Amino acid sequence: MAQQHYRITLLPGDGIGPEIMAVAVDVLKVIGAQFDLSFEFTEALIGGEAIDATGEPLPTDTLEKCRHSDAVLLAAIGGYQWDNLPRHQRPETGLLGLRAGLGLFANLRPATILPQLIDASTLKREVVDGVDIMVVRELTGGVYFGQPKGIFTTETGEKRGVNTMAYTEAEIDRIGRVAFETARKRQGKLCSVDKANVLEVSQLWRDRITQLATEYPDVELSHLYVDNAAMQLVRAPKQFDTIVTGNLFGDVLSDAAAMLTGSIGMLPSASLGEKGPGVFEPVHGSAPDIAGQNKANPLAQVLSTAMMLRYGLNQPTAADQIEQAVFKVLEKGNRTGDIMSAGMTLVGCQEMGNALIEILKQP
């Protein structure tokens, strides 16, 4: 079988980004050699480093490089020194521009309890043991993007803030299909979360998701109102496999699900479009307070690399290999500071990377 070649755009970004990205690239090189995959890496600027170099958080050149790649691997953006810039110049604006520029409408956020880190969760062991949830969040519609929006002055001179929650059938259908396909690859259970008892936009959401279910008879569909879903996530999270929801509800629920695991520093994510490259990034921030000190946890970046292989490049076996290496490196007791506990071995970012490589190279 001929070697498969992939063009990967790397966006190391700010803070700890370059350190954790270096580990991910080393992992990909080892995996590439084992699975006959060839990776061509191109680096580009985004976020604070891009602002310092070009005055823009997302230079045109960066977006073009991303568009012409097979997948985009992003590390972290932002830092204190850019916090007071105007909104259009903030590092986060670069991230929103990247999502819009690549048409990334589906955000996949897993929340998986690793047995080695179960005691890091604030919930009881019996509640979270075995939790493995995928939240599929609509990313480019809903109340964050609906029109009209703004702060307006009324006839009486009083100010009134307005945001519009809106979804078209087409927007619901395309995120719904991603969710059903994702559930099909997992345990075949999909829970759609809305507020159909109060919101018309949610009534349409529920109608369309229910209609779509007829095309996926092998997937078991259920519905929950968002307030109940939030309660159930904390009360009995093991009932969930795949969750699909809109932009606002997904923003809240994916962060709530993330905290079930006890460490946001361990969680990857994927943002996908209908065609073209997806963006794969850890959920955590740029941690400028520990940047350059070899203290960062690279495992979320490495797990994002596994998601890139699985969902972006259709290389699930290679993705499995990386995920198993992460489990094994934790099994051996290696811990960075954010996940350190009694009796474990404290290691730096580079040492964690070396330990992963050692495991991956074992026959």
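The model is predicted. An open sheet of 10 strands runs through the account. The count of salt bridges comes to 19.

**The sheet**

- The 10 strands of the open sheet follow the order β2-β1-β3-β12-β11-β4-β5-β10-β8-β9. Their pairing is mixed.
- Which strands sit at the edges? They are β2 (37-43) and β9 (220-225), and each pairs on one side only.
- From one strand to the next, the twist averages 25°.
- Helix α10 (residues 299-312) lies across β1, β2, β3 (71-76), β4, β5, β11 (268-272) and β12 (279-282). Its direction is at about 155° to β12.

**Strand β1 and its partner**

- Strand β1 covers residues 4-13. Seven bridges join β1 to β2, and the two strands run parallel.
- Two pairs show how the strands line up. His 5 has Ser 38 in β2 as its bridge partner. Leu 10 stands opposite Glu 43 in β2.
- Is β1 enclosed or open to the outside? Seven of its 10 residues are buried, so β1 is largely enclosed by the rest of the structure.
- Gly 13 belongs to strand β1. Gly 13 has a relative accessible area of 5%. The cut-off for buried is under 20%, so Gly 13 counts as buried.
- Setting aside neighbours within four places in sequence, Gly 13 is in contact with Pro 18, Ile 46, Glu 49 and Ala 76.
- Gly 13 and Val 201 are 188 residues apart in sequence. In space, their C-alpha atoms are 37 Å apart.

**Salt bridge: Asp 255 and Arg 109**

- The side chains of Asp 255 and Arg 109 form a salt bridge, at 2.8 Å from N to O.
- Asp 255 is in helix α9 (residues 247-260), while Arg 109 is in strand β4 (residues 106-112). The pair therefore ties together parts that are 146 residues apart in sequence.
- Asp 255 is partly exposed, at 37% relative accessible area. Arg 109 is buried, at 10%.

**Salt bridge: Arg 186 and Asp 241**

- Arg 186 and Asp 241 form another salt bridge. Their closest N and O atoms are 3.0 Å apart.
- Which parts of the chain does this pair link? Arg 186 is in the loop between α6 (169-185) and β8 (189-194). Asp 241 is in the loop between α8 (226-235) and β10 (242-245). The two residues are 55 residues apart, and the pair links distant parts of the chain.
- Asp 241 is buried, with a relative accessible area of 6%.
- Arg 186 and Asp 241 also belong to a network of salt bridges that includes Asp 132.

**Salt bridge: Lys 195 and Asp 227**

- Lys 195 forms a salt bridge with Asp 227. The closest N and O atoms are 3.0 Å apart.
- Lys 195 is in the loop between β8 and α7 (200-212), and Asp 227 is in helix α8. The pair therefore ties together parts that are 32 residues apart in sequence.
- Lys 195 is buried, at 17% relative accessibility. Asp 227 is partly exposed, at 46%.

- Ser 254 is in helix α9. Ser 254 is buried, at 3% relative accessible area.
- Which residues does Ser 254 contact, leaving aside its neighbours within four places in sequence? They are Arg 109 and Val 135. Arg 109 is also the salt-bridge partner of Asp 255.
- Ser 202 is in helix α7. Ser 202 counts as buried, at 4% relative accessibility.
- Leaving aside neighbours within four places in sequence, Ser 202 is in contact with Asp 194, Lys 195, Ala 196 and Phe 249. Lys 195 also takes part in the salt bridge with Asp 227.

**A nonpolar surface patch**

- Tyr 144, Phe 145, Leu 248 and Val 252 form a nonpolar patch on the surface. Together they have about 340 Å² of accessible area.
- Where is Phe 145 found? Phe 145 is in the loop between β5 (132-138) and β6 (146-153).
- Phe 145 is partly exposed, with a relative accessible area of 42%.

Definitions and conventions: Residues are numbered from 1 along each chain as its sequence is written. This is a predicted model: local features need pLDDT of at least 70, side-chain atom pairs count only at pLDDT 80 or more; totals for chains, interfaces and linings use all residues. Side-chain values use heavy atoms; hydrogens and water are left out. A salt bridge is a side-chain nitrogen of Lys or Arg within 4 Å of a carboxyl oxygen of Asp or Glu. Helices (H or I, at least four residues) and strands (E, at least two) are DSSP runs, numbered from the N terminus. Buried means under 20% relative accessible area, exposed over 50%, partly exposed in between (1.4 Å probe, protein chains only). Contact means heavy atoms within 4.5 Å. Patches are made of residues with over 30% relative accessible area and no salt bridge: like charges are joined within 9 Å, nonpolar side chains (Val, Leu, Ile, Met, Phe, Trp, Tyr) within 5 Å. Accessible areas come from the Shrake-Rupley method with a 1.4 Å probe; for residues, only the protein chains shown count as cover. Two strands pair if DSSP finds at least two bridges between them. Axes are lines fitted to C-alpha atoms, for helices over the stretch in contact, and angles run from 0 to 180 degrees between N-to-C directions.
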